[in-house]
Amino acid sequence: MLTEPTSQPINIYSDWKAELSNCISSIDQLLQLLGLNSKDLNASQLATQEFSIKVPQHYAQLMEYGNPEDPLLKQVLPIEAELKQNPSFNTDPVNESEYNPVAGIVHKYRNRVLMIISPNCAINCRYCFRRHFPYQENRQSKQQWLQALDYLKTRPEINEVIYSGGDPLAANDNFLGWLTQQIESIKHIKRLRIHTRLPVVIPSRVDNQLLDWLGNTRLKPTVVLHINHANEIDAKLCQAVDQLKSAGITMLNQSVLLKGVNDSSEQLIALSEKLFDAGIIPYYLHMLDPVQGASHFDIPVDRAIEIFSQMQAELPGFLLPKLVQERAGETSKSLIL
Ligand SMILES: *Cc1c(COP(=O)(O)O)cnc(C)c1O
Ligand code: SF4
């Protein structure tokens with residue numbers, strides 16, 4: 001295989017933790033950077049009391065200066081509409097607390113489990129279905145992790161472990177490397193998957209320490225990124241993805257269908273095209289989970305099907321994500337179309 005002389009790992013001494021602690025943490029700070037006015041946008045200080053504002057500098061730099069409709073801005077700016085109570089939107093929309101057999105584990109589908117690795121995220125997405133999840137109760141001591149591992153050991157039907165969160169890559173690599181080694185020793189587990197948005201919002205997260213444990217595990221590794229809009233993909237992210245792919249990792253993406261962010265076939269087609277250019281395969285397009293505070297992002301199923309049909313007419317099958325919904329009590333995600 002030919003390798004380009006310029007494609008050497010660049011983030012050997014990456015300082016992603018510094019970037020993480022340097023996130024934008026107030027509405028004023030973000031709007032000032034973009035030359036925008038809080039009143040025009042219905043920004044809400046009150047909404048930050050329930051769920052704070054948190055935006056990495058890298059992600060803010062991908063937004064367009066002076067554009068109040070910017071699709072990335074809309075994902076992170078707390079606004080008044082979040083305070084509206086909607087009776088069909090609640091605090092545990094996918095019923096996760098019911099499937100929490102031991103601390104740190106969500107086991108809902110027969111042969112794959114989520115491990116809640118880290119309660120933290122690098123960014124606070126306003127539509128997130130985890131904004132009310134009891135993460136503090138899922139904060140783990142090493143002793144509890146050993147119990148979680150025992151749970152996996154005694155269930156031979158489990159063949160895949162999914163690192164989830166929060167954002168699992170907010171955890172440090174020493175811990176992730178240790179945990180991965182423990183899981184490797186469980187014979188019936190074949191695959192390791194990581195659901196993360198961190199490389200999108202802080203691409204320097206993909207450094208040599210990460211590639212060390214993830215690139216050298218016997219478990220077949222997949223990283224599922226979370227990208228909602230083509231504007232989230234820039235050269236730095238592409239470089240990070242190249243490094244992951246060179247380490248043998250399969251790259252997929254999941255998006256959430258969000259009103260005002262990506263609710264047109266043009267935007268979603270552009271996203272699929274740009275994902276493929278970056279070496280990432282579209283996996284899921286999720287309907288919004290009905291979480292309290294996010295109802296203004298909701299797209300009705302009829303409209304979602306219309307958008308999806310238009311995508312289908314323009315994209316090869318392998319660039320068409322599956323349109324899905326999480327329904328309480330189902331044995332898998334439900335296909336909408
Ligand atoms: C989405 C999800 C999974 C993974 O589902 P796949 O269809 O395999 O991607 C596993 N467990 C839970 C609880 C989930 O929500
Ligand atoms: S879990 Fe994902 S969607 Fe939710 S806030 Fe974190 S990065 Fe955003």
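Which residue in β4 does Tyr 163 stand opposite? The model on the screen is a predicted one, and in it Tyr 163 faces Ile 194 of β4. The strands concerned are β3, residues 160-165, and β4, residues 191-196; they are parallel and share four bridges.

Now the sheet as a whole. It is open and has nine strands, ordered β1-β2-β3-β4-β5-β6-β7-β8-β9, with mixed pairing. β1 (105-109) and β9 (334-335) are the edge strands; each has a single partner strand, so one side of each has no neighbour in the sheet.

Next, β6, residues 250-256. Six of its seven residues are buried. On one hand, β6 runs parallel to β5, residues 220-226, with five bridges between them; here His 226 has Gln 254 in β6 as its bridge partner. On the other, β6 pairs with β7, residues 281-286, again parallel and over five bridges, and Leu 252 stands opposite Ile 281 in β7.

β5, helix α10 (residues 235-246) and β6 form a right-handed β-α-β unit. From β6 the chain then passes through helix α11, residues 265-277, to β7, and that crossover is right-handed too.

α11 touches β6 and β7, and its direction makes about 150° with that of β7.

Last, ligand 2. Around it are Cys 121, Ile 123, Cys 125, Cys 128, Gly 166, Arg 197 and His 226. By class, that shell is four nonpolar, two polar and one charged.

Conventions
Residues are numbered from 1 along each chain as its sequence is written. Chains are lettered from A and ligands numbered from 1 in the order in which they are written. This is a predicted model: local features need pLDDT of at least 70, side-chain atom pairs count only at pLDDT 80 or more; totals for chains, interfaces and linings use all residues. Side-chain values use heavy atoms; hydrogens and water are left out. A residue is near a molecule or strand if one of its heavy atoms lies within 4 Å of it. Ala, Val, Leu, Ile, Met, Phe, Trp, Tyr, Cys and Pro count as nonpolar, Asp, Glu, Lys and Arg as charged, and the others, Gly among them, as polar. Buried means under 20% relative accessible area, exposed over 50%, partly exposed in between (1.4 Å probe, protein chains only). Helices (H or I, at least four residues) and strands (E, at least two) are DSSP runs, numbered from the N terminus. Two strands pair if DSSP finds at least two bridges between them. A crossover is right-handed if, with the strands pointing away from the viewer, the path from the first strand over the helix to the second runs clockwise. Contact means heavy atoms within 4.5 Å. Axes are lines fitted to C-alpha atoms, for helices over the stretch in contact, and angles run from 0 to 180 degrees between N-to-C directions.
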